[in-house]
Amino acid sequence: EAHARPKVMVVFSTFLVAFCLFVGVGGDERLRGIAISKLSFYDPSRPFTCLDGSKSVDFDEVNDDYCDCDDGTDEPGTAACPQGRFHCTNAGHKPQYIPSSRVNDGICDCCDTTDEYAGLVQCTNNCRELGAVDREERRKEREKQRQGYETRIEYSQTGKEKKQDRETKVEELKAEVDNIKREADRLEEIKKTAESQAEAAKQEHIDVWKAQQEEIERKKADEAFSQLDTDNDGMLVLSEFQSKVEFDTNADGNVDVDEILEYT
């Protein structure tokens, strides 16, 4: 115990120094919006280097309401950088980051009111109340988890037989499912075979019908040719077409070549 006490004092002293830097000696607003874990990057005694390493600026330009760093890290306490983040300490509750665009926007985002330091709106520090509610909710959640763990242990100790029964039932159901799948596969194969046979029969019917239609058209063509081939020499000449009044579409008593071409 005697050896542990100096270590505790060292840790406490380190935290106290960091906290003093965080709140700022004499109310230094240049450190506003910075998490304690990031304070080592914000040393007023030397220029500030953007956390992305892109550039360095005089420390006087930190939180001067002008965005110098591409990553917005030189303006953690103002709304100057669109991509900046403001850190709410929220002592008594959970710390959080908010977009720097919400700083001094007239809406209280941090429960410790630090985001509205310009006084545009009167915020109330309710971190303790919120923290108490949060801790109570977490306590209830831990209690539920504890009860659940105890219930699980109880089931583990007394429910082995039920577990075995469930496992047996599961195996039976798996076997039943396998049988159903096999039967479904068999029926699917029968269906595919029937569909294939029906498709083949349909195609055969179509082929027969097409052949019949082609034969009918061929006969019609032969009959029409025979009617036009008046001298039965197997050839059609202009005079044979002109002998057929059916081609005289304009009813002038003569069949010309244009009228014949309309039919052929």
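What is the torsion about the S-S bond of Cys-67 and Cys-81, and is the disulfide right-handed or left-handed?

Modeller: Happy to! The torsion about that S-S bond of Cys-67 and Cys-81 is about 115 degrees, so the disulfide is right-handed. Its two sulfur atoms sit 2.0 Å apart, and a disulfide here is a pair of cysteine sulfur atoms within 2.5 Å. Both partners belong to the loop between strand E2 (56-57) and strand E3 (85-88), where the bond links distant parts of the chain, 14 residues apart. Helices (H or I, at least four residues) and strands (E, at least two) are DSSP runs, numbered from the N terminus.

One caution before we go on: this is a predicted model, in which local features need pLDDT of at least 70 and side-chain atom pairs count only at pLDDT 80 or more, while totals for chains, interfaces and linings use all residues. Residues are numbered from 1 along each chain as its sequence is written, and side-chain values use heavy atoms, without hydrogens and water.

Cys-81 is buried, with a relative accessible area of 0%, whereas Cys-67 reaches 26% and counts as partly exposed. The cut-offs are under 20% relative accessible area for buried, over 50% for exposed, and partly exposed in between (1.4 Å probe, protein chains only).

Now let me set this bond beside other bridges. Searching the whole structure turns up five disulfides. One of them joins Cys-108 to Cys-123, with an S to S distance of 1.9 Å. The torsion there is -90 degrees about the S-S bond, and the link of Cys-108 and Cys-123 is left-handed. These two cysteines both lie in the loop between strand E4 (96-99) and helix H2 (127-158), 15 residues apart, and again the pair links distant parts of the chain. Here Cys-108 is the partly exposed end, having a relative accessible area of 37%, and Cys-123 is buried at 15%.

The sulfur atoms of Cys-111 and Cys-127 are 2.0 Å apart and form a disulfide. With a torsion of about 105 degrees around its S-S bond, this Cys-111 and Cys-127 disulfide is right-handed. Cys-111 lies in the loop between E4 and H2, while Cys-127 is in helix H2, so the bond ties together parts that are 16 residues apart in sequence. Both ends fall in the buried class: Cys-111 has a relative accessibility of 8%, and Cys-127 has 0%.

How do the bridges pair up along the chain? If you number the bonded cysteines in sequence order, the pattern reads 1-3, 2-4, 5-7, 6-9, 8-10.

Finally, the setting. The protein chain holds five helices and four strands. Reading from the N terminus, the elements run α-β-β-β-β-α-α-α-α. Of its 264 residues, 20% are buried.
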